[in-house]
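This briefing goes through one structure by topic. Please keep the sequence and the 3D view at hand while reading.

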Amino acid sequence: MNISLEFFPPANLDFNALLSEYKKLEHLDPSFVSVTYGAGGGAENKSLELIKALKKNNLDIAAHITLVNKSIDDLEKIVSDFEKLGVKKFVALRGDSPEGKFKQHPNGFFNTSDFVEFLNNKNFEVIVSAYPEPHPDSKGFDFDLQLLKNKSASGAKKAITQFCFSKDDYEKLIETVLKENIEVEVIPGIMPIYNIENITRMAEKCGTKVPSNIINKFGDDDISNQKYAIEICNDQLDYLSELGCQKFHFYTLNKSYLINKIFRDRSFL
Ligand code: FAD
């Protein structure tokens with residue numbers, strides 16, 4: 001199974017703790033490791049430092065960059081700083097304005113597809129986001145699909161999905177991408193449930209539904225909670241494989257435990 005792992009610069013800047021979590025996952029041979037950029041408003045400029053630390057392990061890094069609140073000159077500089085560290089892969093994102101509704105920088109990009117084209121013209125590999133369930137700003141599935149088509153036409157070859165617990169929504173996205181000949185590989189973003197309250201809060205912000213049959217499984221017993229979290233991920237990996245997915249991106253939340261447990265329980269690694 002081909003997997004990639006996502007980390008974020010920790011607020012306490014304890015890169016050693018994060019690296020030790022990465023080391024525990026190294027045996028899974030991730031095809032790349034991605035590092036978020038300013039997600040949740042924190043530690044934006046620390047992505048560079050985290051990538052520097054991870055690069056010491058000779059990893060293929062995909063650096064996330066959000067275009068929000070940046071001029072094209074700002075983006076030029078950020079990309080160049082990452083490139084100096086040996087980064088050749090980017091996850092190109094719009095990002096969110098801290099004040100709510102997305103506002104274009106006067107000298108910046110409006111559409112993510114323009115940013116994709118900017119990176120593609122520099123010969124970087126470009127990955128984008130995809131949404132099985134509508135993004136909170138979305139006008140609907142067809143509109144989101146058109147944006148994905150635009151990002152693909154601008155040079156994105158892969159799209160990592162927002163986390164999602166609905167097989168039907170995944171199926172609709174994957175089948176429509178195939179039917180409409182959108183040349184982008186959909187890579188499901190898998191979110192292990194370390195803490196159901198945190199996941200529900202996160203899900204609300206990004207338009208993901210957490211079904212009540214998942215919420216109701218979790219209670220006060222940590223051992224049972226871990227068992228359910230592993231079952232849910234395994235179930236997702238099974239049905240997504242049946243839908244034809246061959247690559248999976250794990251939102252690690254900077255932790256190794258559940259992901260290691262999932263793969264220890266699966267026979268095909
Ligand atoms: P896009 O795919 O460009 O668009 C998302 C939605 O915005 C669309 O569905 C639509 O509803 C609306 N929209 C976009 N363009 C238009 C338009 N022209 N007119 C009207 N509506 C429009 N955030 C961070 O801050 N840092 C990160 O590192 C980060 N990493 C992420 C990684 C993944 C895999 C995913 C799925 C999300 C990530 N995010 C991150 C969150 C992301 O920045 C937000 O979801 C943001 O609101 C949308 O960015 P996008 O690139 O997905 O937008």
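By class, 8 nonpolar, 12 polar and 4 charged residues form the shell around the ligand. The model is predicted. Its chain holds 10 helices and 9 strands.

**Ligand surroundings**

- The ligand is surrounded by 24 residues, and the closest are Thr-36, His-64, Leu-93, Thr-112 and Ser-129.
- Three elements each supply at least two residues of this shell: strand E3 (61–66), strand E4 (89–93) and helix H5 (141–153).

**Overall build**

- The chain has a radius of gyration of 18 Å, which agrees with the value near 18 Å that a compact globule of 269 residues would have.
- Along the principal axes, the C-alpha atoms fill a box of roughly 50 × 45 × 35 Å.
- Of the 269 residues, 39% count as buried.
- Take the contacts between residues at least 6 apart in sequence: 80% of them join residues at least 24 apart.

- E3 is mostly covered, with 6 of its 6 residues buried.
- Both faces of E3 are covered: Ile-61, Ala-63 and Ile-65 are buried on one side, and Ala-62, His-64 and Thr-66 are buried on the other.
- Strand E2 (residues 33–35) pairs with E3 in the parallel sense over 3 bridges, and Val-35 stands opposite Ala-63 of E3.
- E3 and E4 also run parallel, joined by 5 bridges; the partner of Ala-62 in E4 is Lys-89.
- Between E3 and E4 the chain passes through helix H3 (residues 72–84), and this β-α-β crossover is right-handed.

**Two loop residues with positive phi**

- Leu-13 is not a glycine, yet its phi is positive, at about 55 degrees.
- Leu-13 sits in the loop between strand E1 (2–7) and helix H1 (15–25).
- With 13 other C-beta atoms within 10 Å, Leu-13 is partly exposed.
- Asn-58, also a residue other than glycine, has a positive phi near 60 degrees.
- Asn-58 is found in the loop between helix H2 (47–55) and E3.
- Asn-58 counts as exposed because 7 other C-beta atoms lie within 10 Å, and a residue with 12 or fewer is classed as exposed.

Technical notes. Residues numbered from 1 in each chain as written. Predicted model: local features only at pLDDT ≥ 70, side-chain atom pairs only at ≥ 80, totals over all residues. Near = placed C-beta within 6 Å. Helix = DSSP H or I, 4+ residues; strand = E, 2+ residues; numbered from the N terminus. Nonpolar A, V, L, I, M, F, W, Y, C, P; charged D, E, K, R; others polar. Rg over C-alpha atoms; globule rule 2.2 N^0.38 Å. Buried ≥ 20, exposed ≤ 12 C-beta atoms within 10 Å, placed from the backbone. Contact = placed C-beta atoms within 7 Å. Pairing = 2+ DSSP bridges. Right-handed = clockwise from strand over helix to strand, strands pointing away.
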